[in-house]
Each structure stands twice: as structure tokens, then as C-alpha cells.
Amino acid sequence: MNARRESEATLMKNRTTVERKSERELVVTRTFDAPARLVFEAWTRPELFKKWWLPKSMGMVLHSCDMDVRVGGGYRLAISHGGSDPGEFFGRYLEVTPPSRLVWTNDEAGDAGPVTTVTFEERGGKTLLVMHELYPSKEALDAAGTGAADAMNETFEQLDELLVTPGESRGRS
Amino acid sequence: MRHILNHMVQYSRALDASFAALSDATRRGVLEQLGRSDASITNLAERFHMTLTGMKKHVGVLEQAGLVTTEKVGRVRTCKIGPRRLEEETAWIEKYRQHWDARFDELDKVVEELKRKEKIDERKKRE
């Protein structure tokens, strides 16, 4: 894309990378200019987590955030989008190793949800964060992202309806 | 991860171009099938209980929309998912990256604040 603009941005701040590592895995990396224990704290204390998880640009509101950060403990987030009823996102922690490793499940989508592993690796006062999402299948990852299969189908169903009643749709648009 | 649904908006332009191709249930079925594995026109015709000519027409529409590519080897024309799907994957990954980037910018602020507090606390201890 725009190589020059990208390199300028790199000088300004740490870069976020995303890689589809395999059919079932997504990996996100980012470096933070702080020791691992502080970055870890921001992921595990709800009052801190709330401050950054949904930046304004996402257009979503975090209504509540419960986190019982210990092995076997659960978390539950209520999030709404554009005035919609809040949707719940929940799961449980499989591993909690301060300040270097967190693993949790994402259970709101049933069996299709990924297992998320976040590692915090400190190097010279900075922290390399690696977030790894492992989906149960290629299809589950495709559906969560590229295909957004349900949303697609919904869109197509709506389109089918429009095509069936062209007079009405024309009147509206 | 509901926010991913927002990414659909990004596809709307690409989707507009494909709507005609995708407004047909058989063609959507063909795409789904090709998503699992490549297939010949004959295979597809059998699977969807259609004539060869009928299936050729459907595949032609999908091909024009860039959703399917076909390649003729000998007497068999093999169909596979087309280039548009790859573009969409790239677009989705970039969108996903931007989301996390925005999140991490906010996380930077939280972490900076923690760092600052810690320094103040240390100074207080020394005093």
C-alpha cells in the first residue's frame, strides 16, 4: 500500500501486526513501552480493562465487565452496538500466570469460539505482547471473519426479499 | 466477536458487484460447495440435480463476478473459488488489525498512566 506513510507511522508508535498463521490460527503482536507486570495488570483488572477494550472508534459500549481472573474463573462482558440490546461475551480462564501468560475460552458462540492465549514477554523494560487465537476449525475462523457467514446469509436473505418484492423496495430507496 | 460483523460494511462495495451472482440459491450453494473443494461442472450439475447447460450458466455468472474461476483440462472444466474471496480475506485481516491497533493505542494510555503512578509512589516511598 503506502510504504512511506507506513514507515512514518512506525517511527511514531509501536506497530500492531496480524497474521493468519494457519487455517485455524490468528496471531496479533504489539510492543508496549512498559514492564510486563503493568501490561498484564491492564488485562486483568476490570477497572483498567474497561478503559481500553472498546475504543470510541469501534462505536460500541461496554455496559458491564465481570472478571474472575484465576484458573477456572469466568468473565462476562455486556456490549452493545449502536443502541442495540447488549450482547454478552463470556468464557473462562484456563491459565493465569502473572505477569507472562493468560489463556481463556470464548464461549458465546458455543463450540465455534476460539481459545485465546496472550503472552507478555519483557525485553529491556518493554513488553512484547502476542495474542494467539486458536479456532476449533478452519470453518469457525472463516465464519468469524472473512465469510462472516451468518451475516452474509442474513444479507442475502434480505436481498432475496427485496428481489421478491421489487416494487416495495424501490419505493423505500 | 460481534464487532467482526461491522466489517461486512467494508465489503458492501464488493458485494454490490456480486449481488446479482449471489441472489440465486443454487449459485450460493455452488460457492459453498467450492469452498469445501474444487469440482467439475459435471459434478456440480449432478449434485444440484441440474442439466450441464444450466450449471454452465450459473458458473458463468459466478465467474463474471470474480467469485469463481474455471480451468479446462482435457475435456473436464474444473471450478474453484475465485480471487475475490482472497481479497476479502485480506480486507478482513486489515480491518481486524485496525481494530486491535485502536485498542492497543488505548491500552498504551492505560499503561502509561500505571507507569506514572508507580513513579510517583516510588518517589513518595523515598521521601
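**Start at one residue**

Select A:T117. With a relative accessibility of 14%, A:T117 counts as buried, because the cut-off for buried is under 20%. Keep in mind that the model on screen is predicted.

Which strand holds A:T117? It is β7 of chain A. Now show what A:T117 touches, leaving out residues up to four places away in sequence.

Select the strands of chain A. In what order do the 8 strands of the open sheet run? The order is β1-β2-β8-β7-β6-β5-β4-β3, and the pairing is antiparallel. Go to the edges next. They are β1 (17-22) and β3 (60-67) of chain A, and each pairs on one side only.

Strand β2 of chain A, residues 25-32, is joined to β1(A) by 5 bridges, and the two run antiparallel. Pick A:S22. Opposite it, in β2(A), stands A:E25.

Select residues 36-44 of chain A. This is helix α2 of chain A. Which strands does this helix lie across? They are β2, β3, β5 (87-97), β6 (101-105), β7 (115-123) and β8 (126-134) of chain A. Against β7(A), the helix runs at about 155°.

**Step back to all of chain A**

Show the whole chain. Chain A has 6 helices and 8 strands. Follow chain A along the sequence and the pattern reads α-β-β-α-α-β-β-β-β-β-β-α-α-α. Chain A has 173 residues, and 38% of them count as buried. Take the contacts in chain A between residues at least 6 apart in sequence: 35% join residues at least 24 apart. Switch to a surface view. Chain A exposes about 9600 Å², and carbon and sulfur atoms supply 52% of it.

**Move to chain B**

Select residues 25-36 and 52-64 of chain B. These are helices α2 and α4 of chain B. Their axes come within 10 Å and cross at roughly 75°. That angle makes α2(B) roughly perpendicular to α4(B).

Zoom in on the contact. From α2(B), show B:T26, B:R27, B:V30 and B:L31. From α4(B), show B:M55, B:H58, B:V61 and B:L62. Colour by class to end the tour. The contact of α2(B) with α4(B) has 5 nonpolar, 2 polar and 1 charged residues.

How values were computed:
Residues are numbered from 1 along each chain as its sequence is written. Chains are lettered from A and ligands numbered from 1 in the order in which they are written. This is a predicted model: local features need pLDDT of at least 70, side-chain atom pairs count only at pLDDT 80 or more; totals for chains, interfaces and linings use all residues. Side-chain values use heavy atoms; hydrogens and water are left out. Two strands pair if DSSP finds at least two bridges between them. Helices (H or I, at least four residues) and strands (E, at least two) are DSSP runs, numbered from the N terminus. Contact means heavy atoms within 4.5 Å. Axes are lines fitted to C-alpha atoms, for helices over the stretch in contact, and angles run from 0 to 180 degrees between N-to-C directions. Angles under 35 degrees count as roughly parallel, over 145 as roughly antiparallel, 65 to 115 as roughly perpendicular and the rest as oblique. Ala, Val, Leu, Ile, Met, Phe, Trp, Tyr, Cys and Pro count as nonpolar, Asp, Glu, Lys and Arg as charged, and the others, Gly among them, as polar. Buried means under 20% relative accessible area, exposed over 50%, partly exposed in between (1.4 Å probe, protein chains only). Accessible areas come from the Shrake-Rupley method with a 1.4 Å probe; for residues, only the protein chains shown count as cover.
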